[in-house]
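Welcome to this structure. Could you open it and keep it beside these notes while you read?

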Amino acid sequence: MQPASRTLIRQAILLTIGLWIATAGLFMLPALLSDFQVPVSMTAGVVTTVALGIPVSGIVLWSAMRFRDAPAWKRYGVTGAIAMAVAAAITLIDAYKGAWLMRVFNPEMMPERVMLRALANFAGWAPLFALIAALYLILIHNAQMAAQAREMAEAREAANRAALAAADAERMATSARLETLRYQLNPHFLFNTLNAISSAVVTGRADAAEAMLGKLCDFLRTTLTTPKSGMIAIEEELQTLSDYLAIEASRLGDRLRVEMHCPPDLREVPVPALLLQPLVENSIKHGVGSTSRTVAVTVEVAQLGEQIRICVSDDAGGLTVAVPGTGLGLANVRERLTAIYGDAASLDAAQVDGGFRACITFPAAG
């Protein structure tokens, strides 16, 4: 038997005992309140009736429990019919018992007709057993509602746990994907930097090679200490970008001029780490690398309503040959934006009159 069923039966038994004791009190109350001496036969009759009524009520309880999962009409109909049958049976038993007790304890009194007494008493026993049946059905209904509430709560808890697990799995998958995309940049960048250092060594520019190695160490240290979330403040991103550009400046000299503009109130806005490096690298490779004159690479941060817009542009004129949406750098940036912001972020890259311009737009809230 389930714990819930044992609890229900225990409650029903206590309710039955209390109800029959209250019934006995109601039978005896008029006599106790009057000067009339209570006959022994009456006391014995009440006691035996209560002693009989408590176990007989178990039949009604059995019926209510047996049909508790049946349709309402059947559950209430069968339990009500059994309650009336039990009321009729105990009425007859009580009538014959009363007549017998009367002969034993009060033989001088005139005997009553048993059937007439039974018919008279049925009017009292029928409502009593109807009440007992109703109370049992109410107890069972409440227990069923409580069980359903527990099941719903457990189902909601299980659904919440499953949703949290799915969210954790999705978050871990997204984090792994972002880490993969971020680390895609390192080999690409390292190849170009080490190639530049090698060229400086071969051409006898040891100081330039040493300076580039120092800046490379600073840059890699910054990338390795990036938070697990992959998000850093724009100010930190610009500092990382400065370390990278210092390496490129050692290689390119006066051919590269860099300008960065960021309002003070936007410096703490979170941004994916190393988001700008591919865009700047694209301008250097296709802009500065395609001409011998000085090319200015500009990084501008601005807020447009609820959006942050960061643009990287160069003034290489028509010499920048990168095609929007192609190459590792731009594709990598687009994938990372989609993984973090979904459709709320975008990357627009296109030729402009002065050169090439790539703009990232993402929510200010991060």
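Predicted model: local features only at pLDDT ≥ 70, side-chain atom pairs only at ≥ 80, totals over all residues.

1. Residues are numbered from 1 along each chain as its sequence is written, and side-chain values use heavy atoms, with hydrogens and water left out.

2. A search of the whole structure gives 1 disulfide (a pair of cysteine sulfur atoms within 2.5 Å). Its partners are Cys311 and Cys359, with sulfur atoms 2.1 Å apart. Cys311 belongs to strand S5 (residues 307–314) and Cys359 to strand S7 (residues 355–363), so the bond ties together parts 48 residues apart in sequence. Strands are DSSP runs of E, at least two residues, and helices are runs of H or I, at least four, numbered from the N terminus.

3. Why is the disulfide of Cys311 and Cys359 right-handed? The torsion about the S-S bond is about 115°.

4. Cys311 is buried at 4% relative accessibility, and Cys359 is buried at 3%. Buried means under 20% relative accessible area, exposed over 50%, and partly exposed in between (1.4 Å probe, protein chains only). Cys262 is buried at 11%, whereas Cys217 is partly exposed at 43%.

5. Which residues line the second largest cavity? They are Arg75, Tyr76, Leu137, Ile140, His141 and Gln144. A cavity is a set of points on a 1 Å grid over the protein atoms alone where a 1.4 Å probe fits but cannot get out, and lining residues have an atom within 4 Å of a point. Helix H4 gives the most to this lining, with 4 residues.

Key
1 Å grid on protein atoms, 1.4 Å probe; cavity = no way out; pocket = protein on both sides within 12 Å on 5 of 7 lines; lining within 4 Å.
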